[in-house]
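Morning, everyone. I have one structure to show you today.

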Amino acid sequence: MGWIILIIILLIIVFGIKVIPQSRAKVVERLGAYHATLQTGVHYVIPFVDRVASDVSLKEIVKDFAPQPVITKDNVTMQIDTVVYFQITDPKLYTYGVENPVNAIENLTATTLRNIIGELELDQTLTSRDIINSKMRSILDEATDAWGIKVNRVEVKNIIPPRDIQEAMEKQMRAERERREKILQAEGEKKSAVLIAEGEKESAILRADAKREAHIREADGEAQAIIKIQTAQAEGLRLLKEAGADDAVLKLKSYEAMVQVANGQSTKIIVPSELQNLATAGTVLAETLEKKQKK
């Protein structure tokens, strides 16, 4: 008999030990009334007297709710689905605050979303997701405080407007893209024309500069040639004078110059009288030398 009692006591002790893992909590009732909230660690409850009313997770919970029909301020019906991120901060309030807390959050999210969207027009709804998310998070977080729930974040996952609205939006976007394309094309053609004109202008300037430079160099060459010729002639006359050349020699040199001129394209040469006399004297001298050689 004593062994049986001992075994019963051991079983009561073993079954009364509760080990609570990390990020979880258990709400314990004693004789039907709230007794304690067991946090992480080892705890003991009295069998048949204490009862675990709920076992909750303290991790952040993500709930993706189904799309909800909402009507905008300009009477456009659309489907919007949301994702709510929440966390249980008080297991006692979560257990006794509301029946089926997740379902309560879903319904509260739907009604809050309808109220917010009802104040916005279609265009505002499509472009104001951050505002919608912020308002919903603030309202839900305040409403769920009594349930021991902390709403960390609310995200509008998808906005689905009616089919005709989608088609109209697609046409509008297509027209906008075509308009931007034409603008970009016109700007490109304008820049191309400007670049071509600038290139032609620079090319004309370079050609004019090259032609002017060629003319300058050609004139410089001719001027240098004339200077060299005149210098050479002056040097020749100077040397003749230094050598004591008489008028006859100077006239002979002039005659040689006339001969060189005759080798050109001139068809008519005017010979000065001094050169004619010199030519006659030369002819007489040549005949006299021939007669002496024959004798």
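Start with the second largest pocket. Its lining is Leu122, Asp123, Leu126, Thr127, Ile165, Ala168, Met169, Gln172, Met173 and Glu176. Two elements give two or more residues to this lining: α4 (122-127) and α6 (163-242). The biggest share comes from α6, with 6 residues. The pocket's volume is about 180 Å³.

Now some ground rules. This is a predicted model: local features need pLDDT of at least 70, side-chain atom pairs count only at pLDDT 80 or more, and totals for chains, interfaces and linings use all residues. Residues are numbered from 1 along each chain as its sequence is written, and side-chain values use heavy atoms, without hydrogens and water.

What is a pocket here? On a 1 Å grid over the protein atoms alone, a pocket is an open set of points where a 1.4 Å probe fits, with protein on both sides within 12 Å along at least five of seven lines; lining residues have an atom within 4 Å of a point. The volume is the space filled by probe spheres set on the points, which are joined across faces, edges and corners. Helices (H or I, at least four residues) and strands (E, at least two) are DSSP runs, numbered from the N terminus.

Next, the sheet. It is open, with 3 strands in the order β3-β2-β5, and the pairing is antiparallel. Pairing takes at least two DSSP bridges between two strands. At the edges sit β3 (33-38) and β5 (50-57), each pairing on one side only. Strand β2 (residues 24-30) pairs with β5 over 7 bridges. There, arginine 30 stands opposite aspartate 50 in β5.
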